[in-house]
Amino acid sequence: MLEITDFQKIGIGLTGFGVAFLFLGVVFIFDKGLLAIGNILFLSGIAFVIGFERTLRFFFQRHKLKGSVAFFGGIFFVLFGWPLVGIVIEMYGFILLFSGFFPVALNFLQRIPVLGTLLSLPYINKIVDRIGGNHRSMV
């Protein structure tokens, strides 16, 4: 069985709090303080979960450089007082960075009993198939 170290447990907590602060920052009409704290917690959580060196390697790979620049540029805009612009740029970078992970996550979510049923509904299924890369022919 896969053993989780204490640093990884702390990282999961930091990442979770980071996502929660980012969500609250968006809910409270792009509050720059909450968004800044969420960004810092999210990045530090990732560093704790996968390690500092692997985090640097992940963000600074040649084929992910465009996504990394957009992601960190968005964080820069949020920290310096332009939260709406920063979040839009940051979301674009996030999509570029983690687009390879979306099909894996959707495949996992489709296997969960209640979520799998919801994701297989007619209109939602089309969106899930497009994101997940399952392009079925209508033959």
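Me: Which residues line the largest pocket?
Reply: In this predicted model, the lining of the largest pocket is made of Val 19, Leu 22, Phe 23, Val 26, Asn 39, Phe 42, Phe 71, Ile 87, Glu 90, Met 91, Phe 94 and Ile 95.

Me: How does that lining divide into nonpolar, polar and charged?
Reply: There are 10 nonpolar residues, one polar and one charged.

Me: And how much space lies in the pocket?
Reply: About 320 Å³ for the largest pocket.

Me: Which helices each supply at least two residues of the lining?
Reply: That would be α1 (6–27), α2 (32–50) and α5 (83–98).

Me: OK, which one gives the most?
Reply: α5 does, with five residues in the lining of the largest pocket.

Me: Let's back up to the whole fold. How many helices and strands does the protein chain have?
Reply: Eight helices and zero strands. Going along the sequence, the pattern reads α-α-α-α-α-α-α-α.

Me: What does the C-alpha trace span along its principal axes?
Reply: About 55 × 40 × 35 Å for the protein chain.

Me: Left-handed or right-handed, the way α1 passes α2?
Reply: α1 passes α2 in a left-handed crossing. The contact of α1 with α2 has 18 nonpolar residues, nine polar ones and no charged ones.

Me: What about α2 and α5, how far apart are their axes?
Reply: The axes of α2 and α5 are 10 Å apart, and the helices pack at an angle of about 25 degrees. Under 35 degrees counts as roughly parallel, so α2 and α5 are roughly parallel to each other.

Me: And the crossing there, left-handed or right-handed?
Reply: α2 passes α5 in a left-handed crossing.

Me: New topic, aromatics. How many aromatic pairs does a search of the whole structure find?
Reply: It finds 12 aromatic pairs.

Me: Which residues form the aromatic cluster?
Reply: One cluster is formed by Phe 42, Phe 58, Phe 59, Phe 60, Phe 71, Phe 72, Phe 94 and Phe 98. Among these, Phe 42, Phe 71 and Phe 94 also line the largest pocket.

Note on methods. Residues are numbered from 1 along each chain as its sequence is written. This is a predicted model: local features need pLDDT of at least 70, side-chain atom pairs count only at pLDDT 80 or more; totals for chains, interfaces and linings use all residues. Side-chain values use heavy atoms; hydrogens and water are left out. On a 1 Å grid over the protein atoms alone, a cavity is a set of points where a 1.4 Å probe fits but cannot get out, and a pocket is an open set with protein on both sides within 12 Å along at least five of seven lines; lining residues have an atom within 4 Å of a point. Grid points are joined across faces, edges and corners, and a volume is the space filled by probe spheres set on the points. Helices (H or I, at least four residues) and strands (E, at least two) are DSSP runs, numbered from the N terminus. Ala, Val, Leu, Ile, Met, Phe, Trp, Tyr, Cys and Pro count as nonpolar, Asp, Glu, Lys and Arg as charged, and the others, Gly among them, as polar. A crossing is left-handed if the near helix is turned anticlockwise from the far one by less than a right angle, and right-handed if clockwise. Rings of Phe, Tyr and Trp (its six-membered ring) pair if their centres lie within 6.5 Å; planes under 30 degrees apart count as stacked, over 60 as edge-to-face and the rest as tilted. Axes are lines fitted to C-alpha atoms, for helices over the stretch in contact, and angles run from 0 to 180 degrees between N-to-C directions. Angles under 35 degrees count as roughly parallel, over 145 as roughly antiparallel, 65 to 115 as roughly perpendicular and the rest as oblique.
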